[in-house]
There are 4 protein chains.
Amino acid sequence: MNSMKPQAAIVGASGYSGEELVRLLAGHPLVQLAAVTSRSLAGTPVVEHMPKFRGLVSPELKFTASDPAALAADDSLDIVFLALPHGVAAEYAEALVAGGKKVIDLSADFRLGSAKLYEEYYGKAHPNTDLLEKAAYVIPEITPDGWQSAPLIASPGCYPTSIITPLAPLLKAGILTGKGIVANALSGVSGAGKKVDEAYLFAERAESAKAYGLPKHRHLSEIEEQLSTAQGDTVVINFNPHLAPMRRGIASTIVAPAAEGATIETLYQCWQEALGNKPFVGILKSGKTPDTAHVTGTNRIDMSAVYDIRTGNFVITSAEDNLLKGASGQAVQIMNLWLGLPETAGLL
Amino acid sequence: MNSMKPQAAIVGASGYSGEELVRLLAGHPLVQLAAVTSRSLAGTPVVEHMPKFRGLVSPELKFTASDPAALAADDSLDIVFLALPHGVAAEYAEALVAGGKKVIDLSADFRLGSAKLYEEYYGKAHPNTDLLEKAAYVIPEITPDGWQSAPLIASPGCYPTSIITPLAPLLKAGILTGKGIVANALSGVSGAGKKVDEAYLFAERAESAKAYGLPKHRHLSEIEEQLSTAQGDTVVINFNPHLAPMRRGIASTIVAPAAEGATIETLYQCWQEALGNKPFVGILKSGKTPDTAHVTGTNRIDMSAVYDIRTGNFVITSAEDNLLKGASGQAVQIMNLWLGLPETAGLL
Amino acid sequence: MNSMKPQAAIVGASGYSGEELVRLLAGHPLVQLAAVTSRSLAGTPVVEHMPKFRGLVSPELKFTASDPAALAADDSLDIVFLALPHGVAAEYAEALVAGGKKVIDLSADFRLGSAKLYEEYYGKAHPNTDLLEKAAYVIPEITPDGWQSAPLIASPGCYPTSIITPLAPLLKAGILTGKGIVANALSGVSGAGKKVDEAYLFAERAESAKAYGLPKHRHLSEIEEQLSTAQGDTVVINFNPHLAPMRRGIASTIVAPAAEGATIETLYQCWQEALGNKPFVGILKSGKTPDTAHVTGTNRIDMSAVYDIRTGNFVITSAEDNLLKGASGQAVQIMNLWLGLPETAGLL
Amino acid sequence: MNSMKPQAAIVGASGYSGEELVRLLAGHPLVQLAAVTSRSLAGTPVVEHMPKFRGLVSPELKFTASDPAALAADDSLDIVFLALPHGVAAEYAEALVAGGKKVIDLSADFRLGSAKLYEEYYGKAHPNTDLLEKAAYVIPEITPDGWQSAPLIASPGCYPTSIITPLAPLLKAGILTGKGIVANALSGVSGAGKKVDEAYLFAERAESAKAYGLPKHRHLSEIEEQLSTAQGDTVVINFNPHLAPMRRGIASTIVAPAAEGATIETLYQCWQEALGNKPFVGILKSGKTPDTAHVTGTNRIDMSAVYDIRTGNFVITSAEDNLLKGASGQAVQIMNLWLGLPETAGLL
């Protein structure tokens, strides 16, 4: 019965994004979660490792080995999600794309257009510049149609989604000057992944807030490249990420100089036209700021803006769930659109 | 035996700042906590209302009534702390100053130099412009000597302390241009006071981060006035406060354009000269960001900076305990200096 | 199109349980959320008051007035959920039952079989003993068939569900003596409802754990009455509720003397027979304890047990989401069964 | 000047208890923190590793190597605190005691009187039964005078302190039967130490409560041995520890059958006589339950009790800071008494 549904696999599901992918695909009404791979957990039932999914994920579903060639050769698979560490994803991507699979990569391996920028930010030459060129970076609300013909989709990072989604339409429409932008963002601790490190212990992070990764966090490359595309010119910004003591969520606050003639009304009108009918965008009235608690557990990004007449800047705020709209939810949204399914399937 | 010590009173100790004042003064080795007043709690033992201070505060100490005239006439009192809501403090201040008491006001009533600015931000004429003129605004690390002769000291706000302390010396020394500054700050929820409001319920704030008060939070007036004094010219900034799900602490991240010729070395040299020997300032190496968890429970402010060659901006970070260096700890530090006691007495 | 689906209304949706009901019914595939009432919010769009449901709840859906008679007379309604404070629910229940509506009451008004017990624990005579007699108390996994013919279902409390579900089958099967049971439970703060009280402020509850309501919390009446029914004899226990600094979840730990001949194997066998095929029960291996983080956001209750040879007691542990299996999720589960829909509809 | 003060050393200060010891001894008015040792950190300034103590701990103080023989031979040292993992402490203890140092051991190595019990709970023969016999287990409020002549003091565990302190006087006075006691306890996550393990990551523990270590947590041995001593007969209990999402604090709730004739009044009278004048004990009125938030940051244990007429049990509750009264604060309290200093020196 399920064999008519597209068959999806998740490669590398041991982290937080992988877990969310399992949850979303196991509950997806129009796609079948056919395989979940893990080198270290092969043979273990998925629910044993993810006890929170008892009742949702079939007790029969077991982790399988992660051989790229075998996955590529598996004719039953239609689409593969890579939830792997940066650097590891590329080798899987190559084999799977060669095997004709649709690939959605949640790592940073194919997010940049420029191989040079990749080298600058990741400290080594890009392993597959050919595939890098063919890959598409997709924020469904922003990326123009046509991406569907790419063999591989790079699913955007959590910080970038929270900053690019509200800014890109405004830059494109000339509402912002594109100069002097300052983006601050607060992330829940799951944004650091399931990294077993003293810095991420409960007793270290509870009751703690701090900036980190200043001034050149890796996500900056992805943010600036996308904003530059939207602006049609090089955009250089300050990006200040912070950890806040919560499990999930990103709240971004962006100060951006208004272009001449731009007003809070033209800003909202621009958002309304570009994003007003998007199912996963919430546009809040000016003066009402987004709250991560209102979006965690959903695939939505909420946004709002005020104009500061004293400085001539807009202050733009957004909130999203770093693991959903900022990672796995968005990846499933991309899949829905790629496979021609309703955009919101399995995501409400 | 204690009668030789200066005698201090706290007016209005029911909020979080008031509580911290009780703790600090009850444990102070060189000052006697002589009275704690509260209209609603008069007659109740203080420890009954503040059970966390059992063993520290004498069970004999009871809340007394809050009559300004009676306090002013009490010859045994040397110094009075006002931990009252904004607007209420002014009437006490007038009577107490007239009665010859040293007054340290933790409210916003006397923080601004300009009565006009007060009216703009607080929506009503200042109730006592004469005393406003005589009052001194004191961040002990920043404010030049001479403030000791004022009859009333306005103890600074929590956000302002976290932003002015690192910036003022840099503006004074010409390290920053003073233009285009963007200050973001994350505050623990106690920053909102003990306000019984749905927005501050645990289930609303846990796992929640959000900006608020954009673009013109009341503390902005105080920040800009002090920065302008340091710069010797009008400084206008963007200030974006946020709530983060922790009880205490403020982490501020300030993007400030470097003046011509300024480098990260000149910045640190300036800090070293201005603040290097201050007992409550921690200057962290460039690249190491302050963490609120390392300062909560202390009267310290930690600060650090990096230079972003791409934008020409410094990114300056600071962390403090909003209730200590941001409120009651600083008030006690002011008292120590005012009374000629060691600056750190009762604060380590 | 939706008119073929059963039509449901929620009366009094301003609290946390009400919010969860809105979420579950708005997303339910087989039932239509037709009305949400609130005296104070009549006319306001529901999503304006519950911004986290933007995108899920239609922007057209507005709160309507809460008139019992009008609701009772509304022929389009099939089933009504009462998410009202204790004491207020009874008056609605009477009118709605008289009007032929199926009523699921989330308050405590109809949870006890004994009007005398009600008076003992709630401090006043029961307002409608006739309806009390006809009402059924339903934990779907435990309550024997036949309840479907009752005009009103009392949806159980959060603590009771966490304690009765694992214990009732064991008492019925004679695995426990029924004497000397001690039940401890830790609840997330949302268990206190959206009560605007100093005790529930973030800064009061974060980093705080405490017992409360000792020794005779109101839920004790409901727990003992159900356990007594299961045992066929009066069961008297110690029940110690606690608040823990989390938003959601209940973890219960129950020490219960083993009956003669009972072993950990017979206990698990009993659970397996009684609960093993229930979709919302997770039975964990002995030695593996339930974690609230694994059940929050789900309608599941996880349970486990060990035998302590030194004391002859079983130590039984359970975990559930206080707002789902402990309140609104269970109410929807009851509705599903009552209306003949699949038990898990809208709940996975 | 400081050379007149007793000189203290801390061996193994990298964990949370060690950190608290550094803080307490660095700020102690009557004792000099002379050395802090760490194998891995030798040569590093202490404040670099513990940035929260900047301003409190001298920047000159560096970690030194941890050689037992060298420490034992250092004539300047008077007292040594061992904040080492269980099993490692014993070898240091032996050398230091032989060298004539007063030793306070915060590990579990010398907490039990019975070597057999040690072997049962710790899975290996005790390494130094001779010293085990000479060592004294000291809760200053409970342990009878005379312990001061022991060469080594075993500082009690966090759970045991929270349970033994309220129960021991009651057992000794015959207020409790000593049978059928059930002790539940909720601990903050720092109770697990600074253990870098996936289970203690922020994203795993936030919003999570769970029991663990059932039914025979290692601390049970220590609890039962002390309660048996108090009772004059073997006491066997159920002890159920839990993790709650907070950094610090233990809240214990103990159900204990009342002895014949015992009433809530005789219980309180017993407490009053045994503990009423102890500086670190808070006895709360019946009906008012201790809150961890009221004791964290202090060396106090708060306690309260109610009588449940329905079951004939007392329900006794206590709260303490697991790192202070439950570890380092109590160790310093022991030191104060051992050295003949005021009990509260450095602890208020």
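Which side chains meet in a salt bridge at 3.3 Å, N to O?

Some ground rules before we dig in. This is a predicted model, where local features need pLDDT of at least 70 and side-chain atom pairs count only at pLDDT 80 or more, while totals for chains, interfaces and linings use all residues. Residues are numbered from 1 along each chain as its sequence is written, chains are lettered from A and ligands numbered from 1 in the order in which they are written, and side-chain values use heavy atoms, with hydrogens and water left out.

**Exercise 1. Find the salt bridge and say what it joins.**

Step 1. Side chains of opposite charge can pair when their charged atoms come close.

Step 2. The pair is B:Asp291 and A:Arg205, at 3.3 Å from N to O.

Step 3. B:Asp291 sits in the loop between strand S12 (281–283) and strand S13 (301–308) of chain B, and A:Arg205 in helix H8 (residues 202–205) of chain A, so this pair joins two chains. Helices (H or I, at least four residues) and strands (E, at least two) are DSSP runs, numbered from the N terminus.

**Exercise 2. Describe the interface of chain B with chain A, then that of chain A with chain C.**

Step 1. Contact means heavy atoms within 4.5 Å. Chains B and A put in 42 residues from chain B and 42 residues from chain A.

Step 2. Buried area is the accessible area (1.4 Å probe) that two parts lose on being put together, summed over both. For chain B and chain A that comes to about 3,400 Å², with carbon and sulfur atoms giving 56%. On the chain B side, B:Glu207, B:Ala209 and B:Arg310 lose the most area to chain A, together 19% of what that side buries.

Step 3. Take a second look at B:Glu207. Its phi is near 60 degrees, a positive value in a residue other than glycine, and B:Glu207 is found in the loop between helix H8 (202–205) and S9 of chain B.

Step 4. Now chains A and C: the contact takes 15 residues from chain A and 15 residues from chain C. They bury about 1,500 Å² between them, 51% of it on carbon and sulfur atoms. A:Lys52, A:Arg54 and A:His294 supply 33% of the area that chain A buries here, more than any other three residues.

Step 5. There are 2 salt bridges between chain A and chain C. C:Asp302 forms a salt bridge with A:Arg54, with the closest N and O atoms 2.6 Å apart.

**Exercise 3. Characterise how H7 packs on H10 in chain A.**

Step 1. The axes of H7 (residues 158–172) and H10 of chain A come within 9 Å and cross at roughly 105 degrees.

Step 2. That makes H7(A) roughly perpendicular to H10(A); angles under 35 degrees count as roughly parallel, over 145 as roughly antiparallel, 65 to 115 as roughly perpendicular and the rest as oblique.

Step 3. H7(A) brings A:Thr165, A:Pro166, A:Pro169 and A:Leu170, while H10(A) brings A:Leu267, A:Cys270, A:Trp271, A:Ala274 and A:Leu275.

**Exercise 4. Locate the cis peptide bond in chain A.**

Step 1. A:Leu214 and A:Pro215 are joined by a cis peptide bond, with omega about -5 degrees.

Step 2. A:Pro215 lies in the loop between S9 and helix H9 (219–231) of chain A.

Key: Axes are lines fitted to C-alpha atoms, for helices over the stretch in contact, and angles run from 0 to 180 degrees between N-to-C directions. A salt bridge is a side-chain nitrogen of Lys or Arg within 4 Å of a carboxyl oxygen of Asp or Glu.
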